[in-house]
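Biologist: Could you show me the model and walk me through it?
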Amino acid sequence: MGEDGKVAPNGDKKPVRVWVDGCFDMVHFGHANLIRQAKLLGDYLIVGVHSDEEIAKQKGPPVYNQEERYKLVRAIKWVDEVVEDAPYSTTLETLDKYDCDFVCHGDDISVMANGQDAYQVVKDANRYREVKRTQGVSTTDIVGRMLLVTKTHHKREGEDLPDKKTMNDIQKDATGHSPWTGVSQFLATTQRIVQFSGGRVAKSTDKVIYVAGAFDCFHIGHLSFLEKASKHGDYVVVGLHTDAEVNRYCGSNYPIMNLHERVLSVLACRYVDEVVIGAPYNVSNDLLKHFNVSLVMHGNSKVYADENGDDPYGEAKRQGKFQLIESQSSMTTAVIVQRIIEHRKNYEERNRAKEKRELSVYESTRKNKGFPDAI
Ligand code: CTP
Ligand code: C5P
């Protein structure tokens, strides 16, 4: 038995080892939440990540390449180990090879290109556990936002939308009608934020690092930057700009992920201790004092002036508390959008095929099991 009374299927008393696998494309907070829940089921969590070749075979090319996905999954704070190039279908041999008691998956169906449930074998052997899929976020939906250049994700349910459609209508238009992806809106709750937060409070002796930005579609550039920034101190605070602010300096339909979504993605990163939800654009003396900041850091991206044309880091520079970091990554959110636009046909086809596969499985199982819980 592991800590908290966690028991392996065979009643073993050794630490419970949990296996999770997936594509983890555009590694989002839905994936992080699955990983968080899986870790709670055991003591040690291994995440198997599929290769680009395998994903291309099963559902079309991924947006993030395998090196990016391996690195991003490794940085999620509940992950103990990553297995690269994990097989698409989870076999008992895989679980045994990594000495895992069971596999954990979200309560959506994972259908292979041949129409079969990728987890049937482990389900039959009672080495399968299910946790709730995080509603309102999927790679399919994020790709949809990018392709349709929608801005509706900045709005909240109940707010007037220009064409009087509801949020659900718009998400259905953008992503299709699968019961598992794209039909419900992500609801940000304080409980979820608490679950994602490490809860560590800075000690008075800690050297506090402050960084700010959009951190939209959390990518390897952000990760490299945060990893390097964290080495300069003991406690990292990330100030996340509001959607309106990011839209002011990035334009178009940026940010692709709204503030609540960006909060969770950044909090899931092992190099982050605290997040300011809607940070002031100018890093003021008040803010520096409030967090007892020793150093304000910025990576290799343009610093946009504030609305008055002033440098948002002016005060930190005057106090000798500003330092640039070379993240050694040229990745930007715009590069990701560009990848998707260049491969538009592939992604549209991939989304349609995924939708079709899921709908057919859904239709055939609904009579026996009822509808999956979509809330
Ligand atoms: N997952 C989840 N919540 C989400 C998205 C994914 O719990 N919103 C879970 C899946 O159920 C699976 C794991 O994350 O257990 C890895 O999913 P992945 O293989 O990346 O595929 P998808 O489920 O297709 O993810 P997406 O819909 O985002 O493409
Ligand atoms: O562009 P954004 O506001 O999301 O960037 C957040 C922080 O990450 C900034 O300090 C930025 O310079 C840094 N960054 C980086 N390398 C990248 C992308 C972002 O250092 N490739």
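Modeller: In the protein chain, 77% of the contacts with a separation of 6 or more are between residues 24 or more positions apart, where contact means heavy atoms within 4.5 Å. This is a predicted model, in which local features need pLDDT of at least 70 and side-chain atom pairs count only at pLDDT 80 or more, while totals for chains, interfaces and linings use all residues. Residues are numbered from 1 along each chain as its sequence is written, chains are lettered from A and ligands numbered from 1 in the order in which they are written, and side-chain values use heavy atoms, with hydrogens and water left out.

Biologist: What does the secondary structure come to?
Modeller: The protein chain has 15 helices and 10 strands, which are DSSP runs numbered from the N terminus (helices H or I, at least four residues; strands E, at least two).

Biologist: And how much of the chain is buried?
Modeller: Of its 375 residues, 53% count as buried, meaning under 20% relative accessible area with a 1.4 Å probe, protein chains only.

Biologist: Switching topic, at what angle do helix 6 and helix 14 pack?
Modeller: Helix 6 (residues 139-148) and helix 14 (residues 333-342) pack at about 85°, with axes 10 Å apart; axes are lines fitted to C-alpha atoms over the stretch in contact, and angles run from 0 to 180 degrees between N-to-C directions. Helix 6 is therefore roughly perpendicular to helix 14, a term for angles of 65 to 115 degrees.

Biologist: Which residues meet there?
Modeller: Val143, Met146 and Leu147 in helix 6 meet Ile336, Val337, Ile340 and Ile341 in helix 14.

Conventions:
Parallel < 35°, antiparallel > 145°, perpendicular 65-115°, else oblique. Buried < 20%, exposed > 50% of the residue type's maximum accessible area, 1.4 Å probe, protein only.
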